[in-house]
Amino acid sequence: MAKTRTTYQCNACGSTQPKWAGQCPDCRAWNTIEEFRVPASPATSRLGHTGQAPAAVTRLSAVAAGDVARLPTGLDELDRVLGDGLVPGSVVLLGGDPGIGKSTLLLQAVAALGATNRCLYVSGEESLQQIAMRAERLGLDAERLECLSETCVEHVLATAASVRPGVMVIDSIQTLYSEQLDSAPGSVSQVRESAAALVRFAKQQDCAVILVGHVTKEGALAGPRVLEHMVDAVLYFESDSGSRYRIVRSFKNRFGAVNELGVFAMTGKGLRQVRNPSAIFLSGQSEPAAGSIVTVIREGSRPLLVELQALVDETHLANPRRVALGMEHNRLAMLLAVLHRHGGVSLGQQDVFVNVVGGLRVADTGLDLPVMLAVLSSYRGRALPEKLIAFGEVGLSGEIRPVFGGEERLREAAGQGFQRVVLPHANLPKKPPKGLRVEAAATLAEVLNRIFD
Ligand code: TYD
Ligand code: MG
């Protein structure tokens, strides 16, 4: 029997420790360290020889890369996030809060994929009867759905090896356990071991595997970062609480762009694609209101219109509040400092709240300029001009810096009926889209003069 070595692993952060401790030295969580047995690595000599025969090395020019045919999931929004469909033999991790719609989405995708490929849907959470009820509610062709209710990864792999599916869904990775380990299902070692076995299977059998992962309340994938390194793509399912819209976002993708967004709406009959997401992130207000502005951001390869709202109010606290929802908090603090230094507007006695409408989280730096305009508009109690859109990064010396994808942003803005846009000089197009008046600005002072005077 192969020798084993004992290590200790934290259930919360996945770090490996040399000895047991009540508190994890890395993430400071209590009672999360558990014993973990791994096969001992073979003894190596000083030169690193293990006594094994050397493997052959191949020049890349001798490898036919070719174009791999991707498998369409029947949902364009999901295909876009995956990078134009599912790649055979790839492993995708789909994370999200419980109840957000992961099982619904994948059952719909499997039913569509089943038209061209044999698919296996493995559920460790629901019985076959529950899955059948869901399929019926979603109006899916049950004939195409092959399901297995199982939690032992060795049994899953044995079944998959005989069924030979082209696509396999594991719902969820946290319910699987391996007979080789004695720790409980859902623990880091079980999740890691089961995922590793599934990754090996995917590569050997050229079967695309989609793993569902539940997210802990801290927002990390339970059984955590270890999985993100092992898989080819990591997608997250997000939603604003109470909203029926769901966003699938790619965080890592070996076969496509990251930060790509797919937008869905949850209906009584499952998830429906939203083909014009720009419309849903606007609040639909017809009268322009103080503190509100529309901007166009780039998420992945697609421009998207979003509405920003700011509220500036006199503070009753010694330290005025700065609250940023949907954008980075530190960035707001920085923008307010720039506004003070280069715009001559001091908000030291004001609370400032900024919100991206629709529950979207935006990392695009093109948000800088519209945030400043919204803040100033609320502070002065003056609505911004109607049909105005703005985007641009603001530097620490008050200069307006270019953002990428300028022309596509303009086309999206024009397509949604906007008439006037304020943008960085370097993003000025040779020929603006029809019906859109473009106004380039080099500095913050220039923009403020133009809009507020
Ligand atoms: P589910 O896919 O089970 O979530 P997850 O697998 O991520 O835990 O989705 C469950 C939620 O979706 C549940 O609250 C009910 C809702 N839902 C609908 O609104 N319409 C539907 O057609 C379905 C199947 C679910
Ligand atoms: Mg589920």
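In the predicted model, the side chain of arginine 249 reaches the backbone oxygen of arginine 361, at a distance of 3.0 Å. Arginine 249 is placed in strand E10. With a relative accessibility of 5%, arginine 249 counts as buried. When neighbours within four places in sequence are left aside, the contacts of arginine 249 include Val81, Val234, Leu235, Tyr236 and Glu238. Asn259, Glu260, Leu261, Glu299 and Arg361 are also among the residues in contact with arginine 249.

The chain is divided into domain 1 (4-39), domain 2 (71-275) and domain 3 (280-452). Between the C-alpha centres of domain 2 and domain 3 the distance is 37 Å. At the interface, 14 residues of domain 2 are in contact with eleven residues of domain 3. The area that domain 2 and domain 3 bury between them is about 1,000 Å², and 52% of it lies on carbon and sulfur atoms.

Charged and polar groups also take part in this interface. Two salt bridges are counted between domain 2 and domain 3. A salt bridge joins the side chains of arginine 302 and glutamate 77, with an N to O distance of 3.1 Å. Four residue pairs, with both residues at pLDDT 80 or more, are found in polar contact across the interface of domain 2 and domain 3. On the side of domain 2 that touches domain 3, the elements giving two or more residues are helix H1 (76-82), strand E10 (245-253) and strand E11 (261-267). Strand E10, named here, is the element that holds arginine 249.

The cysteines were examined next. A disulfide is a covalent bond between the sulfur atoms of two cysteines. The count for this model is zero disulfides. Cysteine 24 is in no disulfide, and the nearest cysteine sulfur, belonging to cysteine 27, is 3.7 Å away.

Glycine 186 lies in the loop that runs between strand E7 (167-171) and helix H5 (188-205). Its relative accessibility of 31% is why glycine 186 counts as partly exposed. Glycine 186 and serine 172 are separated by 14 residues in sequence and by 9.7 Å in space, taken from C-alpha to C-alpha. Leaving aside neighbours within four places in sequence, glycine 186 has contacts with Gln174, Leu176 and Val191.

For the chain as a whole, the secondary structure comprises eleven helices and 21 strands. The C-alpha trace spans about 80 × 50 × 50 Å along its principal axes. Of the 453 residues in the chain, 49% are buried. Among contacts with a separation of 6 or more, 65% are between residues 24 or more positions apart.

Conventions
Residues are numbered from 1 along each chain as its sequence is written. Chains are lettered from A and ligands numbered from 1 in the order in which they are written. This is a predicted model: local features need pLDDT of at least 70, side-chain atom pairs count only at pLDDT 80 or more; totals for chains, interfaces and linings use all residues. Side-chain values use heavy atoms; hydrogens and water are left out. A disulfide is a pair of cysteine sulfur atoms within 2.5 Å. Domain bounds come from an automatic or database domain assignment. Contact means heavy atoms within 4.5 Å. Buried area is the accessible area (1.4 Å probe) that two parts lose on being put together, summed over both. A salt bridge is a side-chain nitrogen of Lys or Arg within 4 Å of a carboxyl oxygen of Asp or Glu. A polar contact is a pair of N or O atoms within 3.5 Å; within protein, one must be able to donate a hydrogen and the other to accept it, and residues adjacent in sequence count only if both atoms are side-chain atoms. Helices (H or I, at least four residues) and strands (E, at least two) are DSSP runs, numbered from the N terminus. Buried means under 20% relative accessible area, exposed over 50%, partly exposed in between (1.4 Å probe, protein chains only).
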